[in-house]
Amino acid sequence: MTESKQSHTAIIQRSLARRYRAEKRFRAYGLMAITFGLLCVALLFTDIISKGYKAFLQTSIQLDITYDADVLGISDLNNKQQVALADFQGLVKKSLQARFPDVTGRKEKRDLVSLVSSGAGYDLRDRLIANPQLLGSTETLWLSADDDIDTYYKSMGDESGAFIGRTSEMRQGWIETLKQAGDIKLGLNRVFFTHGDSREPEQAGIWGAAMGSLFTLIITLSLSFPIGVAAAVYLEEFAPRNRWTDLIEVNINNLAAVPSIIFGLLGLAIFINFFHVPRSVPLVGGLVLTLMTLPTIIISSRAAIKAVPPSIREAAIGVGASPMQVVLHHVLPLAMPGMLTGAIIGMAQALGETAPLLMIGMVAFIVDIPGGFTEPATVLPVQIFLWADSPERAFVEKTSAAIMVLLAFLIMMNTLAVVLRKRLERRW
């Protein structure tokens with residue numbers, strides 16, 4: 001009997017040892033998976049940041065600009081036609097030629113003028129219109145450099161060597177001269193945050209796409225949140241339990257898994273082709289994203305309503321509250337933190353969507369900043385798509401910088417959802 005007990009004990013100990021070893025292996029596998037995932041995320045962020053941080057800087061060249069009326073061809077600043085036809089780029093050309101008087105050939109002069117961005121003339125025009133007293137005077141300004149010069153100057157000193165690209169040896173010599181004189185520098189790229197899209201990389205910004213995203217999300221939130229909450233309340237509190245209700249629930253769950261491009265096709269067929277809503281406007285973009293985010297908000301809202309203990313409803317009914325009063329005065333306030341969390345996550349999902357917006361024409365090249373819900377606009381994910389498809393090397397860093405901005409917004413929205421859930425939720 002004693003030997004039998006000892007053998008049973010040994011079997012149990014061996015079984016427990018195998019179980020403990022299996023548990024340790026499982027924990028090790030889990031830790032390895034988490035570590036691998038974190039390394040992939042760190043690699044992704046490192047790659048994006050290393051490529052995009054330079055987009056927040058802009059190369060500028062210092063020049064003495066003389067607002068010469070003869071060069072401009074302006075006799076009256078109040079004459080809008082004269083101002084529109086004035087040769088403001090000629091002021092830049094004259095200043096550069098005065099800075100480098102040894103340049104005489106026609107091709108060399110063209111290369112010299114190309115040191116400065118082609119948009120510098122528009123900046124000078126706006127400055128002169130805002131300050132008419134500058135006509136005939138001279139002032140020292142920092143003007144944005146051309147994208148090739150900007151790329152070359154930013155890459156100077158890199159371990160892999162400066163990126164020459166289309167920067168000839170003569171232009172490199174001019175840059176070196178400006179550098180030694182302190183007339184070229186890197187500064188904050190305000191244009192990136194204040195301008196819309198442009199075919200010239202040094203003039204392109206994300207403000208137009210950011211405003212388009214804002215207007216689109218306002219439409220999406222204004223429609224999807226009240227409709228989603230109302231649908232969730234009806235299904236959980238008032239809808240009868242029958243096959244039709246079950247069919248509706250199954251379809252809502254299925255819609256949450258439908259590819260987003262299908263909603264784009266639906267918006268193209270209904271809102272644009274049938275209702276003739278204009279293309280490329282935040283209104284139709286918001287309507288399409290509303291259809292896409294509704295299932296997410298309905299499912300999360302229903303989960304929040306189910307989390308409210310039945311005793312709350314029973315106590316409210318016990319003191320004489322009507323079913324509507326039970327929902328409005330007791331259930332909804334307690335379920336609102338979960339509903340808000342679901343809505344914020346849905347908005348974050350909508351902010352990062354590209355495919356449905358491509359189908360409704362929000363991929364158009366739009367320079368102007370949208371001022372309303374019915375004006376042509378694009379959104380940040382589509383702007384990233386457009387820049388990533390551009391052949392200009394300077395758009396590579398613009399693309400990565402725009403991704404950094406989009407990721408920052410997504411992280412903020414998800415962080416807000418977590419904070420709201422932690423601060424407002426109640427434990428029963």
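This is a predicted model: local features need pLDDT of at least 70, side-chain atom pairs count only at pLDDT 80 or more; totals for chains, interfaces and linings use all residues.
Show the whole of α8, residues 169-181. The helix has 13 residues and spans 18 Å from first C-alpha to last, close to the 18 Å expected at 1.5 Å a residue. Step just past the end of α8 to Gly-182, which has a positive phi of about 75°.

Next, select the three strands of the open sheet, which are ordered β2-β1-β3 with antiparallel pairing. At the edges are β2 (138-144) and β3 (184-188), each pairing on one side only. On average, neighbouring strands of this sheet are turned by 40° against each other, direction ignored.

Zoom in on β1 (residues 57-66), which is joined to the antiparallel β3 by five bridges. Along this pair, select Ile-61 and find Ile-184 of β3 opposite.

Helix α4 (residues 88-99) lies across β1 and β2 and runs at about 85° to β1. Helix α7 (residues 147-155) also packs on the sheet, where α7 touches β1 and β3. The direction of α7 makes about 120° with that of β1.

**The cores**

Move to the largest nonpolar core, a set of 40 residues. Select Phe-192, Ile-206, Val-284, Leu-357, Ile-360 and Trp-387, the residues with the most contacts inside this core. Elements giving two or more residues to the core are α10 (207-238), α12 (260-272), α13 (282-306), α15 (323-351), α17 (380-388) and α18 (394-424). Which of them gives the largest share? Select α18, which supplies eight residues.

Centre on Trp-387 and show its contacts, leaving aside neighbours within four places in sequence. The list includes Phe-192 and Ile-206, along with Asp-197, Lys-398 and Thr-399.

Last, select Ile-61 again, together with Leu-112, Ala-145 and Tyr-152. These residues belong to a second, separate core of 31 residues.

Notes
Residues are numbered from 1 along each chain as its sequence is written. Side-chain values use heavy atoms; hydrogens and water are left out. Two strands pair if DSSP finds at least two bridges between them. Helices (H or I, at least four residues) and strands (E, at least two) are DSSP runs, numbered from the N terminus. Axes are lines fitted to C-alpha atoms, for helices over the stretch in contact, and angles run from 0 to 180 degrees between N-to-C directions. Contact means heavy atoms within 4.5 Å. The expected span of a helix is 1.5 Å times one less than its number of residues. A nonpolar core is a set of buried Ala, Val, Leu, Ile, Met, Phe, Trp, Tyr and Cys residues joined through side-chain atoms within 4.5 Å. Buried means under 20% relative accessible area, exposed over 50%, partly exposed in between (1.4 Å probe, protein chains only).
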